[in-house]
Amino acid sequence: MAVKVLAIVLAGGEGKRLMPLTTDRAKPGVPFGGIYRMIDFVLSNLANGGYLKMVVLTQYKSHSLDRHISKTWRMSTLLGNYVTPVPAQQRLGPRWFAGSADAIYQSLNLINDENPDYVIVFGADHIYRMDPRQMVDQHIASGAAVTVAGIRQPKSMSDQFGVIDVDPASPRTIREFKEKPTEVDGLPDAPDEIYASMGNYVFTTRALCEAVTRDAQNPDSKHDMGGNIIPMLVEKGEACVYDFRDNVIPGSTDRDRGYWRDVGTLDSFYEAHMDLIATVPVFNLYNHEWPIYTNYGSWPPAKFVHGYDDRQGRAVESMISPGVVVSGSLVDRSIVSPNVRINSWAHVEGSVLMEGVQVGRRAVIRNAIIDKNVIVPEGAQIGVDLDRDRKFYTVSDNGVVVIGKGQQVEL
């Protein structure tokens with residue numbers, strides 16, 4: 001008999017480090033890769049894995065995210081499948097979610113209604129491909145209360161992650177969960193590597209419900225899945241690790257196998273975009289055996305116009321979405337979202353342009369992220385003089401210029 005699995009996607013994060021991209025939207029609702037939203041990646045992984053009952057827990061600035069889910073993620077109701085956004089409902093009093101564990105505690109009615117054997121709890125703001133069935137199968141075979149997905153990282157980077165410390169005598173058993181430790185043991189089979197938590201968990205339903213209920217009664221808890229719930233189950237000896245390296249995705253290449261990116265900062269968000277556009281991409285969106293699903297509207301095909309002298313509409317090492325018009329201009333190493341127009345003699349290089357951006361003639365844009373509906377006037381320069389850009393825009397630690405949704409561009 002097939003096991004019953006409910007998927008819960010945690011999508012309530014504020015995403016403060018992605019400001020100004022999160023000024024008007026929740027982090028999982030931020031556009032990514034031209035036509036997608038961040039949340040499309042986790043939902044696609046679950047859908048491709050056959051887990052078609054999904055609850056998305058939202059909180060901050062969720063309208064854009066809720067609208068995207070409602071318009072895009074429609075399942076067959078005849079078969080009882082669904083993707084539904086669930087905001088903080090204040091079922092237990094007039095308060096918001098106090099953390100990821102509290103979000104699940106306040107949503108226990110959803111688990112009780114579905115009555116699954118196992119609950120998948122995944123984050124909503126990472127870029128990766130993963131077959132969740134393989135993790136669930138290992139979890140069931142182990143008999144553990146929780147299985148935590150771990151990705152191998154250099155030991156020298158341990159202070160940047162939640163680190164999963166395993167028992168050398170039982171390499172799947174978690175003996176300690178450490179938050180950004182400066183000193184940690186390496187893996188039994190790779191002394192120079194550690195397991196970094198991916199923020200993805202599979203729980204036996206009873207264990208999850210008991211853990212979040214117990215946590216809710218602790219006034220000193222931060223009510224966090226990684227910070228409180230997992231250590232609680234580790235202490236009881238009921239937590240195992242799933243090695244993401246073992247996950248096999250149909251159609252993956254040697255170059256993009258095992259790719260996972262936490263796009264929690266402007267620089268990591270930018271770098272993840274640059275991973276998409278190489279001739280042999282670091283993360284391959286063109287894997288049709290494990291597609292990333294979305295809905296980007298009824299835009300016409302992209303169009304390139306003018307082709308003489310220095311007025312040639314062309315794009316090199318770039319991803320150009322439907323509805324884009326490249327008119328006598330050059331797009332180089334960039335991702336261009338739907339309904340963008342780039343006018344004659346403009347040059348866009350190493351940049352991410354989101355939906356509805358209009359680039360005027362002879363404008364220059366370098367190493368920038370430009371959010372929706374920004375109008376770049378004729379002759380404007382962005383990313384050319386970072387000292388000047390810092391006076392008007394956000395500039396990341398690595399020098400990426402970020403212009404917020406609808407923000408005025410200064411000449």
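Are Phe-41 and Phe-283 buried or exposed? In this predicted model, both residues are buried.

A search of the whole structure finds eight aromatic pairs. One of them joins Phe-41 and Phe-283 in a tilted arrangement, with 6.1 Å from centre to centre and 50 degrees between the planes. This pair bridges distant parts of the chain. Phe-41 belongs to helix α1, whereas Phe-283 sits in the loop between α8 (266-274) and β14 (303-305). The two residues are 242 residues apart. Phe-392 and Tyr-393 form another tilted pair, at 6.0 Å centre to centre and 50 degrees between the planes. Phe-392 has 35% relative accessibility and therefore counts as partly exposed. Tyr-393 counts as buried because its relative accessibility is 7%. Ring pairs also build a cluster, made of Phe-32, Tyr-36, Phe-41, Tyr-259, Phe-269 and Phe-283.

Two members of this cluster, Tyr-259 and Phe-283, are in contact with Asp-275. Asp-275 also touches Arg-261, Pro-281 and Val-282, with residues up to four places away in sequence not counted. Asp-275 lies in the loop between α8 and β14. Its relative accessibility is 11%, so Asp-275 counts as buried.

Helix α5 spans residues 132-142. Its buried residues are Pro-132, Met-135, Val-136, Gln-138 and His-139. Seen down the helix axis, they fall within an arc of 160 degrees, so they line one face of α5. Several elements contribute to the cover over these buried residues. Among them are helix α1 (39-48) and the strands β6 (118-123), β8 (146-154), β10 (170-179), β11 (193-204) and β12 (239-243). Just after α5, Gly-143 adopts a positive phi of about 75 degrees.

The structure holds 22 salt bridges. In this one, Asp-243 meets Arg-152, and the closest N and O atoms are 2.9 Å apart. Asp-243 and Arg-152 are both buried.

Lys-236 and Glu-238 meet through their side chains at 4.0 Å, N to O. Lys-236 counts as partly exposed because its relative accessibility is 45%. Glu-238 is partly exposed too, with a relative accessible area of 30%. Asp-254 pairs with Arg-257, the closest N and O atoms being 2.8 Å apart. Asp-254 reaches 69% relative accessibility and so counts as exposed. Arg-257 has a relative accessible area of 43% and is partly exposed. Salt bridges with shared partners join Arg-152, Asp-189, Glu-193, Asp-243 and Arg-245 into one network.

An open sheet of five strands runs in the order β17-β20-β23-β26-β29, with parallel pairing. Its edge strands are β17 (314-316) and β29 (381-382), each of which pairs on one side only. Inside the sheet order, β23 (residues 347-349) pairs with β26 in the parallel sense over three bridges. His-347 stands opposite Val-364 in β26.

Arg-362 has a positive phi of about 60 degrees, although it is not a glycine. This residue is found in the loop between β25 (358-359) and β26 (364-366). Arg-362 counts as partly exposed because its relative accessibility is 46%. Arg-362 also lies over the face of Trp-345, at 4.3 Å from the ring centre. Arg-333 is another residue other than glycine with a positive phi, near 50 degrees. Arg-333 lies in the loop between β20 (330-332) and β21 (335-336). With a relative accessible area of 29%, Arg-333 is partly exposed. The peptide bond from Met-19 to Pro-20 is cis, with omega near 10 degrees. Pro-20 is located in the loop between β1 (5-11) and β2 (31-32).

Note on methods: Residues are numbered from 1 along each chain as its sequence is written. This is a predicted model: local features need pLDDT of at least 70, side-chain atom pairs count only at pLDDT 80 or more; totals for chains, interfaces and linings use all residues. Side-chain values use heavy atoms; hydrogens and water are left out. Buried means under 20% relative accessible area, exposed over 50%, partly exposed in between (1.4 Å probe, protein chains only). Helices (H or I, at least four residues) and strands (E, at least two) are DSSP runs, numbered from the N terminus. The arc is that of the directions from the helix axis to the C-beta atoms. Contact means heavy atoms within 4.5 Å. Rings of Phe, Tyr and Trp (its six-membered ring) pair if their centres lie within 6.5 Å; planes under 30 degrees apart count as stacked, over 60 as edge-to-face and the rest as tilted. A charge sits over a ring if NZ of Lys or CZ of Arg is within 6 Å of the ring centre and within 35 degrees of the ring normal. Two strands pair if DSSP finds at least two bridges between them.
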